[in-house]
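The exercises below are meant to be worked with the sequence and the coordinates open side by side. Try each task before reading its solution.

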Amino acid sequence: MEILLALMIGTLYAAGIYMILRRSLVKLIIGIILLGNGANLLIFLLGRIAKGSPPIIPENSKVFLEAYSDPLPQALILTAIVISFGLQSFAIILVKRAHKVVKTDDLDEMNATDEFS
């Protein structure tokens with residue numbers, strides 16, 4: 001299971017970086033979304049996906065072992081989801097405004113249209 005998640009994380013990072021390096025702003029936003037999802041899966045994977053080994057309770061304790069899970073990766077992922085949603089919504093509005101002003105989403109053409117600023 002962990003090998004499958006590691007391969008998925010690598011694929012998301014590779015696809016995200018590839019999309020960020022494209023010239024289109026829409027592909028840039030998709031790349032940021034893919035990188036954010038890859039980071040969330042990485043945090044989830046670092047929290048260890050092992051049954052029967054809660055991190056808070058010592059192993060020799062016999063009280064409530066099956067009721068607990070690691071809360072730290074869950075809290076970090078929840079925070080990362082909220083932050084990435086805010087970043088994505090800001091980027092989408094920024095791209096929409098830039099496309100309205102410049103009439104293109106190609107980054108090279110946007111660099112050539114400095115007179116619109």
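**Exercise 1.** Over residues 75–95, what percentage of the chain is helix, what percentage is strand, and how far apart are the end C-alpha atoms?

Solution. The model is a predicted one, in which local features need pLDDT of at least 70 and side-chain atom pairs count only at pLDDT 80 or more, while totals for chains, interfaces and linings use all residues. Residues are numbered from 1 along each chain as its sequence is written, and side-chain values use heavy atoms, with hydrogens and water left out. Helices are DSSP runs of H or I with at least four residues, strands are runs of E with at least two, and both are numbered from the N terminus. Over residues 75–95 the chain is 100% helix and 0% strand, with 30 Å between the end C-alpha atoms. An unreviewed UniProt entry gives "transmembrane region" for residues 6–21, 28–50 and 75–95; such annotations may be inferred rather than shown by experiment. For residues 6–21, the span is 94% helix and 0% strand, and its end C-alpha atoms lie 23 Å apart.

**Exercise 2.** Determine how α2 and α3 are oriented and which classes of residue join them.

Solution. Begin with the axes, which are lines fitted to C-alpha atoms over the stretch in contact, the angle between N-to-C directions running from 0 to 180 degrees. Helix α2 (residues 25–46) packs on helix α3 (residues 71–102) at about 175°, with the axes 9 Å apart. The two helices are therefore roughly antiparallel, a term for angles over 145 degrees. Next, list the contact (heavy atoms within 4.5 Å): the residues include Leu25, Ile29 and Asn40 of α2, and Ile77, Ala80 and Val95 of α3. Finally, sort by class, which gives 15 nonpolar, 2 polar and no charged residues, where Ala, Val, Leu, Ile, Met, Phe, Trp, Tyr, Cys and Pro count as nonpolar, Asp, Glu, Lys and Arg as charged, and the others, Gly among them, as polar.

**Exercise 3.** Describe the backbone and the exposure of Lys103.

Solution. Lys103 sits in the loop between α3 and α4 (107–111). Although Lys103 is not a glycine, its phi is positive, about 70°, and at 63% relative accessibility Lys103 counts as exposed.

How values were computed
Angles under 35 degrees count as roughly parallel, over 145 as roughly antiparallel, 65 to 115 as roughly perpendicular and the rest as oblique. Buried means under 20% relative accessible area, exposed over 50%, partly exposed in between (1.4 Å probe, protein chains only).
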